[in-house]
Amino acid sequence: MPGAPAGVRLPRALAAPAPGWTTSADVIVVGSGIAGLTCALRLRERVDRVLLVTKTVLDEGSTAWAQGGIAAALDPEDSPEEHLEDTLVAGVGLCDRDAVEALVTEGPRRVRQLVALGAEFDRDAEGEIKLTREGGHHRDRIAHAGGDATGREISRALIAALDRVRDDPGIEVVEHALVVDLLDDGAGRVNGVTLHVIGEGQLDGVGAAHARAVVLATGGLGQIYTSTTNPPVATGDGMAAALRAGARITDLEFIQFHPTVLFLGEGSTGQQPLISEAVRGEGAFLVDGTGRRIMEGRHELADLAPRDVVARAILETMREQGTDHVFLDARHLGAAFLQERFPSIVASCRSLRFDPASDLLPVAPAQHYASGGIETDLWGRSSLPGLYACGECSCTGVHGANRLASNSLLEGLVFASRIASDIPARIASGKLPEATAPSTPARAGGPNRGEGALLDHSQRLTVQRAMTTGSGPVRSTASTAATAATLGELAGLPPSTAEPGPRTWETTNLLHLAQVLTELASRREETRGGHVRSDFPERDDARWLVRQSVVVAPDRSLTVTERSMP
């Protein structure tokens with residue numbers, strides 16, 4: 001139903017102290033994963049001053065945790081067209097084809113530029129980049145580094161490139177900086193952010209940073225669930241700030257639950273050990289407690305089916321057999337091969353008293369990736385002038401209802417480069433004028449206006465449990481209604497119970513995104529990609545070949561719109 005109002009009401013900004021300091025740049029880039037670092041490094045060559053801010057330190061984002069690799073048609077026998085087809089199939093009808101074409105066409109060139117920058121991928125005997133296969137791919141097109149430490153190597157290479165220009169006055173890095181909200185110029189154009197910087201970041205407390213453009217590359221929202229593969233910093237800060245500012249948020253109901261996360265027992269929470277899909281790419285397979293292979297006969301690619309297919313098979317098996325996990329069998333691959341190909345995974349498993357060479361590994365799905373986020377066009381522009389987004393916090397339309405394995409690093413690389421081309425051109429044309437301080441510190445008019453109520457950090461686990469139970473791997477009308485009710489109660493708590501600060505701001509960000517995600521999940525009455533409905537178990541193209549978006553209006557109301565796909 002186009003333009004349907006939702007019952008949810010959200011503030012336009014968080015309650016926070018008035019900015020005590022100011023700074024400015026041509027462009028502010030928020031985030032230090034592959035998207036943020038790539039964008040900042042390329043912008044430094046084309047604009048006078050770039051301010052790069054990151055929540056903790058440069059190498060603690062999600063990029064460094066990426067085990068599998070980066071997908072690109074690098075093999076002469078492969079092609080961008082084949083990569084495009086695999087991506088479209090995984091996205092289950094909701095991919096933006098133009099965005100996917102940009103990804104797969106530009107991808108190989110961007111990966112080679114990454115190599116030229118210093119990233120060292122694993123090589124074969126002939127010195128060519130060694131390629132492997134993951135779920136949903138019909139070709140070997142996954143480049144990896146250090147066996148299973150691809151993200152760590154890419155992060156290292158980009159940070160090394162940044163270190164080489166640290167003395168350049170054209171780029172400034174501020175660590176330990178949490179984005180609180182976006183600033184605007186009073187006419188709807190984003191021209192900065194409010195930041196909270198703790199002492200290690202040199203500046204102190206809340207301040208205002210102004211710029212011609214803001215690029216959000218703040219990663220995902222994994223901490224919205226009790227179990228996730230995401231690091232602790234993944235609290236959706238950029239998505240939530242953009243949401244409150246009025247940017248269009250799209251496809252947020254499509255959350256990818258990685259099929260093979262090491263099961264550590266009932267009650268385990270926080271970041272969980274991921275067993276990369278690349279292990280199945282090398283021949284490992286899933287079995288139940290009797291040793292039966294659970295993927296046989298379910299999909300033509302069996303254990304290498306798209307992630308949503310594998311996760312759903314595991315959940316069905318668990319439900320049918322009354323268990324809380326299944327098993328991954330990699331024993332036949334041998335200790336020597338596992339140690340060489342997956343040293344990080346082997347070390348992680350052994351630290352928890354599991355040995356992949358001799359033990360069946362207990363696994364269960366856990367939150368892994370948000371396919372939706374801040375909607376952007378092909379150049380990373382959001383629906384708000386002056387605001388760009390790339391990486392997991394964005395929704396380029398590449399992933400549709402389910403991300404194809406190892407497309408995330410590539411998306412960050414390609415679209416960060418596109419943004420770094422677009423911003424200088426728009427500055428030169430006068431479309432991104434020099435920033436001036438806004439008349440108010442945030443769209444809501446600052447704190448103490450009754451609109452920035454916060455949720456105390458002590459309630460984070462309540463949010464996570466409600467989301468896992470009702471808006472997690474399997475959803476229904478009843479479950480999403482129960483979650484919405486719990487979240488509504490939390491949103492209605494007296495504002496005096498929470499004091500402004502990083503942990504409380506993070507928890508409030510999770511609450512706001514949880515409310516939107518649950519609203520969209522309750523509306524989509526079908527099963528598609530990362531969205532599984534027990535009461536609507538079949539895909540319904542006749543009704544639901546649409547993408548859902550939300551916008552927060554100036555009066556704090558939430559409007560949901562639908563856009564039909566061809």
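**Entry 1: R524**

With which side chain does the side chain of R524 make a polar contact? I looked this up in a predicted model, where local features need pLDDT of at least 70 and side-chain atom pairs count only at pLDDT 80 or more, while totals for chains, interfaces and linings use all residues. Residues are numbered from 1 along each chain as its sequence is written, and side-chain values use heavy atoms, with hydrogens and water left out.

The partner is E526, at 2.8 Å. A polar contact is a pair of N or O atoms within 3.5 Å; within protein, one must be able to donate a hydrogen and the other to accept it, and residues adjacent in sequence count only if both atoms are side-chain atoms. I also found a polar atom of the R524 side chain 2.5 Å from the backbone oxygen of V546.

I placed R524 in the loop between helix 13 (502-523) and helix 14 (541-544). Helices (H or I, at least four residues) and strands (E, at least two) are DSSP runs, numbered from the N terminus. R524 is buried, with a relative accessible area of 0%; buried means under 20% relative accessible area, exposed over 50%, and partly exposed in between (1.4 Å probe, protein chains only). Leaving aside neighbours within four places in sequence, I listed the contacts of R524 (heavy atoms within 4.5 Å). Among them are L94, E253, F254, W544, V546 and Q548.

**Entry 2: strand 23 and its partners**

I counted strands as paired if DSSP finds at least two bridges between them. Strand 23 runs antiparallel to strand 24 (residues 557-564), with 7 bridges joining them; V546 has S564 as its bridge partner there. The hairpin of these two strands has 4 residues between them, and R556 takes a positive phi near 80 degrees in it.

Strand 14 (residues 249-250) is also antiparallel to strand 23, through 2 bridges, and I249 stands opposite V550. In the loop between strand 14 and strand 15 (255-262) I found D251. Its phi is near 65 degrees, a positive value in a residue other than glycine. Most residues other than glycine have a negative phi. D251 is buried, with a relative accessible area of 0%. I noted a positive phi for H176 too, near 55 degrees; H176 lies in the loop between strand 8 (171-174) and strand 9 (177-184).

**Entry 3: helix 3**

Where does helix 3 bend? I found a bend of about 45 degrees at G107, and a proline, P108, follows within four residues. The bend at a residue is the angle between axes fitted to the seven residues ending there and the seven starting there. I then checked the span: the 21 residues of helix 3 (residues 97-117) should span 30 Å at 1.5 Å a residue, and the end C-alpha atoms are 29 Å apart, which agrees. The expected span is 1.5 Å times one less than the number of residues.

At the start of helix 3, a side-chain oxygen of D96 reaches to within 3.0 Å of the backbone nitrogen of D98. Just after the helix, G118 takes a positive phi of about 130 degrees. The buried residues of helix 3 include A99, L103, E106, G107, P108 and R110. I found that the buried residues pack against helix 1 (34-44), strand 5, helix 2 (80-90), helix 4 (150-163) and helix 10 (407-428).

Strand 5 pairs with strand 7 (residues 142-143) over 2 bridges, and I70 has A143 as bridge partner.

I also looked up strand 4 (residues 50-53), which runs parallel to strand 3 (residues 27-30) with 4 bridges. I28 has L51 as its bridge partner. Both faces of strand 4 are covered: V50 and L52 are buried on one side, L51 and V53 on the other.

**Entry 4: cysteines**

How many disulfides does a search of the whole structure find? The search gave 0, a disulfide being a pair of cysteine sulfur atoms within 2.5 Å. For C95, the nearest cysteine sulfur is that of C395, 9.9 Å away. C95 is buried, with a relative accessible area of 8%. The sulfur of C390 is 5.2 Å from the closest cysteine sulfur, in C39, and is therefore too far for a bond. C390 is buried as well, with a relative accessible area of 0%.
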